[in-house]
Structures are given as C-alpha cells and as structure tokens.
Amino acid sequence: MRELREGTAQERLCQARYIFEGWLAFSGARVKWLEHVGDITSSLVAEVKGAGLIAVAKPHNLDAADALHAAIFSTGRPVLFVPTEGDLPQTLGEHIVIAWKPRTQARKAITRTIPWLRAAKRLTIVAVDEFGAGQGCMEALGLLKDQGISAEVRHVHTQPGQHIGARLLSEAEAVTADAIVMGAFRFGQIFEWVFGGVTHEVLRHTRLPVFMMH
C-alpha cells in the first residue's frame with residue numbers, strides 16, 4: 001500500500017534527491033548528501049558524531065518518524081525539531097521557554113543548548129505541576145547562573161483533564177515565546193506514540209521549534 005501511495009523506496013529516494021539538489025542550487029548552501037541502506041538508526045548515529053546540533057523536520061511518513069526518534073534518543077546530540085505547518089516565528093531564539101522537570105533529560109537540555117540560551121534576549125523557565133513552587137526551579141536557575149545567564153520562572157498547573165504538554169504549549173503562547181527547550185522523554189517506537197507522552201504531545205501540537213535532549 002505504501003508503494004502505491006508514495007512509490008518504491010528507490011523512487012522516493014530519487015524524488016528526495018531531486019528536491020534536495022534544486023534547493024542546493026538555489027541556496028548555495030554547503031551541504032553533503034549521504035545515502036545509506038539498512039537501519040536508519042545506525043546510519044544516523046554514524047554520521048552525526050561531529051555535529052553540534054541535529055535539525056529534523058516534523059515527520060511526514062514512517063521513515064521520517066524513525067529518523068526523528070533515532071535523532072532524539074540514539075545520537076547523544078541536541079535536536080532541533082522544526083514544525084512544518086504554518087510560519088515559523090520571525091524572532092526565532094530571542095525568547096526561549098525552558099520546560100523544567102528535575103530530571104536528567106531536562107538538565108541535559110539546558111547544558112547542551114547553552115550557546116542558544118546565551119544568545120536569547122529573554123528566557124522563561126516553566127514548571128508544570130511541580131511541587132515546591134518556591135524551590136522547584138532553583139536547580140535550573142543554578143545551571144544557568146553557572147553560565148552567567150538569568151531567567152524568569154513561572155509555575156503553572158494543568159486544568160482537570162488537561163495534558164501537561166498542552167499546558168506547556170499554552171504557557172509558551174501566553175508569554176510569546178518563539179522556541180522551547182525541553183528534556184525528551186522516550187516514547188518508544190513510532191507505533192507507540194498513541195500512548196501520549198509529553199514529548200509526543202508537544203511535538204504533535206507545537207507551532208514553535210523545539211530544542212531537545214535525552
């Protein structure tokens with residue numbers, strides 16, 4: 001059925017190469033095209049060892065979804081998720097929301113995105129449904145302070161039946177953020193996205209670019 005809708009793997013590859021070369025000629029960018037056969041995770045991991053950041057667009061099919069999953073959870077690199085529906089903010093990176101939970105993933109997200117956090121004009125730490133409103137974000141503030149960076153703090157709570165991811169996105173909208181930094185929590189293979197973890201819900205509904213680290 002997939003080959004009927006999208007063509008064979010070779011046909012899809014040829015179409016992707018055609019589009020890529022057209023963009024390359026137009027943009028003048030210095031980008032290398034790589035082709036691999038086999039498991040996408042091992043290929044991706046092998047090629048990004050020297051990368052400081054991996055940018056991945058919103059998945060359009062299972063191949064793209066597997067690439068996103070591998071980038072987030074298998075490369076050990078920060079990932080910038082780019083939504084493909086609607087216009088991206090013109091002020092990208094000027095006001096970044098940091099989604100804070102006292103977890104390893106959130107700590108990594110902060111420490112590995114310091115170059116982008118330092119470049120922002122404004123940072124807002126948002127903690128959703130975290131206890132200890134007075135102390136809950138002290139660790140995050142400390143991680144930033146060590147780098148000479150300051151941030152505002154907002155403690156918010158979900159409404160009955162509201163998903164944490166939805167509350168985070170609504171708060172980002174309310175403070176007019178143009179990007180989000182968050183720890184990525186494993187949602188399993190693409191077929192398991194239906195379980196609705198925070199990572200999945202944010203990526204599914206966001207209109208903002210999202211920096212992630214696992």
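Helices (H or I, at least four residues) and strands (E, at least two) are DSSP runs, numbered from the N terminus. The views below come from a predicted model, in which local features need pLDDT of at least 70 and side-chain atom pairs count only at pLDDT 80 or more, while totals for chains, interfaces and linings use all residues. Residues are numbered from 1 along each chain as its sequence is written, and side-chain values use heavy atoms, with hydrogens and water left out.

View 1. The phi of T176 is about 55 degrees, although T176 is not a glycine. Its place is the loop that joins helix 8 (164-174) to strand 6 (179-183). With a relative accessible area of 58%, T176 is exposed; here buried means under 20% relative accessible area, exposed over 50%, and partly exposed in between (1.4 Å probe, protein chains only).

**View 2. Helix 8 has buried residues that pack against several elements.** Stepping back into the helix itself, you will find G165, R167, L168, L169, E171 and A172 buried. The partners of the buried residues are strand 3 (95-99), strand 4, strand 5 (152-156), strand 6 and helix 9 (198-205). Contact means heavy atoms within 4.5 Å.

**View 3. D129 is another non-glycine residue with a positive phi, about 55 degrees.** Look for D129 in the loop between strand 4 (122-128) and helix 7 (138-145). D129 counts as partly exposed because its relative accessibility is 28%.

**View 4. R77 is buried yet has no salt bridge.** A salt bridge is a side-chain nitrogen of Lys or Arg within 4 Å of a carboxyl oxygen of Asp or Glu. For charge, Lys and Arg count as positive and Asp and Glu as negative; His and the chain ends are not counted. The nearest side chain of opposite charge to R77 is that of E47, 11 Å away. What does the side chain of R77 reach at 2.9 Å? It is the backbone oxygen of A51. R77 sits in the loop between helix 4 (62-74) and strand 2 (79-82). Leaving aside neighbours within four places in sequence, the contacts of R77 include V48, K49, G50, I54, A71, R112, M212 and M213.

**View 5. V82 belongs to strand 2.** V82 counts as partly exposed, at 23% relative accessibility. Beyond its neighbours within four places in sequence, V82 is in contact with V56, A57, K58 and L88. To place V82 against A179, note that they are 97 residues apart in sequence and 10.0 Å apart in space, C-alpha to C-alpha.

Key: A polar contact is a pair of N or O atoms within 3.5 Å; within protein, one must be able to donate a hydrogen and the other to accept it, and residues adjacent in sequence count only if both atoms are side-chain atoms.
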